[in-house]
Amino acid sequence: MNEDLMKATRLLPCSVVLLSVGTKESQDAMTATAMFVAEGVPLLAISVGKGTTSHELIEKTGEFVLNVASVGQVGLARMLGSTHGRDVDKFKRFEINVEKASKIGSPLIAGSFANLECKVITSVPASNYTVYIGEVVAYKVDDTQVPIAWHRDRYFSLDKEVR
Ligand SMILES: Cc1cc2nc3c(=O)[nH]c(=O)nc-3n(C[C@H](O)[C@H](O)[C@H](O)COP(=O)(O)O)c2cc1C
C-alpha cells in the first residue's frame, strides 16, 4: 500500500452525510460522504465499507437515508464516524432524535440540513467498499440549518458565499 498516494483521497472536499438505515428491530447510522450522480432521475452515490454495520443493513433493506449534516451535528458526525453498530446502539448512546420517513422504513435524523430518502437502484463492488447508487424518493429540507463540508480531516461551515 502506497501511504503517500492514500493521502490523495483526502484532497477532495467532501459532503458530510449521516447515513441512517434499518428497521424498528435493527438500525444504525454512520458518517459518510455522498456525491451527485444524475438529476433527471435524482440519483446520488455513496461508498460504504464492507465491514460496517451500515453495509449489512443496506444489503438487507435496499435503502438508506442521507441526512445532510448541519453545523450543530459536527459532534454527532465525529461519533458516528468512529463507532460501530456491532458494538453499540448508536441511537441510544448518542441520544439521536429520529423522525419517521415518508416513503421508506429507515429513520430520519432530526436537526439535519436535509433528509434524503433513497432506494438502492444498483451497486458496484470497489476494493473493500460497495458503491451504492440510490434514487431519492422523498426529501425535506430545513433552511434554518447550515450544512457542513469535510476537508483534510476538518469540518467547515458552508455559510459564506465567495464570488
Ligand atoms: C467525515 C467522515 C466521512 C466518512 N465517510 C465514509 C464513507 O464515505 N464511507 C465509509 O464506509 N465510511 C466512512 N466513514 C467512516 C464510517 O463512518 C465509520 O467506519 C463508522 O464507524 C461505520 O459505522 P457502522 O459500522 O456502525 O456502520 C467516514 C467517517 C468520517 C468521520
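Strands β5 (43-49) and β10 (129-141) pair in the antiparallel sense over seven bridges. Here strands (E, at least two residues) and helices (H or I, at least four) are DSSP runs numbered from the N terminus, and two strands pair if DSSP finds at least two bridges between them. The model is a predicted one, in which local features need pLDDT of at least 70, side-chain atom pairs count only at pLDDT 80 or more, and totals for chains, interfaces and linings use all residues. Residue numbers start from 1 along each chain as its sequence is written.

Strand β10 also runs antiparallel to β9 (114-126), to which 12 bridges join it. The hairpin of β9 and β10 has two residues between the strands, and Ser-127 in this hairpin takes a positive phi near 55°.

| Residue | Partner | Strand of the partner |
|---|---|---|
| Gly-49 | Tyr-129 | β10 |

A separate topic is the open sheet of three strands, whose order is β1-β11-β12 and whose pairing is antiparallel. Because β1 (14-15) and β12 (154-157) stand at the edges with a single partner strand each, one side of each is left without a neighbour in the sheet. Two bridges join β1 to β11 (residues 148-151).

Helix α2 (53-61) has the buried residues Thr-53, Ser-54, Leu-57 and Ile-58; a residue is buried if 20 or more other C-beta atoms, placed from the backbone, lie within 10 Å of its own. These residues cover an arc of only 135° around the axis, which puts them on the same side of α2; the arc is that of the directions from the helix axis to the C-beta atoms. They pack against β2 (17-22), β3, β5, β6 (63-68), β9 and β10, where contact requires C-beta atoms within 7 Å. After α2 comes Gly-62, with a positive phi near 70°.

The ligand is surrounded by 19 residues, and Gly-49, Thr-52, Ser-54, Gly-81 and Gly-85 are the closest; a residue counts as near if its C-beta atom, placed from the backbone, lies within 6 Å. Strands β3 (27-32) and β5 and helix α2 each supply at least two residues of this shell, and β3 gives the most, with four.

Note on methods:
Buried ≥ 20, exposed ≤ 12 C-beta atoms within 10 Å, placed from the backbone. Contact = placed C-beta atoms within 7 Å.
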